[in-house]
Amino acid sequence: KPIIVKYTSSPIHAGDPALVNGVRAFLGIEQNSWVVFTQGKLDVTIDLQKVLKIQSVSGCFLKVPVVNLEFPNNFDVSYSIDNKKFFKWGRLRIVPYEKTDIAETKLYSSSDKAINCRYIRVIANCKDVLAIDEIIVK
């Protein structure tokens, strides 16, 4: 069964397929495979459709100051078996990914001991506009 993504915040641009399709977006917003949150808040729950063991959850974010796209101030990951009670999980690691004169990307990753879960909730916030290419669950 396909992964189901439920948004608490409202995205524009590419939407569900771009968030979990496994295809890496190129540097630059014009490609339209970035999922953009104009309120600066990403809040999504991913339903894996069955309980799976996971070791890490990552998100690739885009920063383009000229159009007010910013990196998040936080990247919080929590997990659940029943989609009711969520538990905060992982330690944050931020790795620079790509950079040009006008834009850059960074990979935000949360990992810890492997856990079993069906639902993963990811929350990230910034002061302006937030763009994410992919949520990667391993």
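In which sense do β5 and β6 pair, and over how many bridges? The pairing is antiparallel, over two bridges. Two strands count as paired if DSSP finds at least two bridges between them. Helices (H or I, at least four residues) and strands (E, at least two) are DSSP runs, numbered from the N terminus.

The model is predicted: local features need pLDDT of at least 70, side-chain atom pairs count only at pLDDT 80 or more, and totals for chains, interfaces and linings use all residues. Residues are numbered from 1 along each chain as its sequence is written, and side-chain values use heavy atoms, with hydrogens and water left out.

**View 1. The β5–β6 hairpin and its turn.** Six residues lie between the two strands of this hairpin. The loop runs between β5 (74-80) and β6 (87-88) and holds Asn83. Asn83 is not a glycine, yet its phi is positive, about 65°. Asn83 is partly exposed, at 35% relative accessibility. The cut-offs: buried means under 20% relative accessible area, exposed over 50%, partly exposed in between (1.4 Å probe, protein chains only).

View 2. Rings of Phe, Tyr and Trp (its six-membered ring) pair if their centres lie within 6.5 Å; planes under 30 degrees apart count as stacked, over 60 as edge-to-face and the rest as tilted. Phe87 is partly exposed, with a relative accessible area of 38%.

**View 3. β5 against β8.** Seven bridges join β5 to strand β8 (residues 104-125). The two strands run antiparallel. Val77 has Val122 in β8 as its bridge partner. β5 is mostly covered, with six of its seven residues buried.

View 4. The structure holds five aromatic pairs. In one, the rings of Phe61 and Phe75 have centres 5.9 Å apart and planes at 85°, so the pair is edge-to-face. Phe61, Phe71, Phe75 and Tyr108 form one aromatic cluster.

**View 5. Gln49 in strand β4.** Gln49 sits in β4 (residues 41-63). Its phi is positive, about 75°, although Gln49 is not a glycine. Gln49 is buried, with a relative accessible area of 18%.
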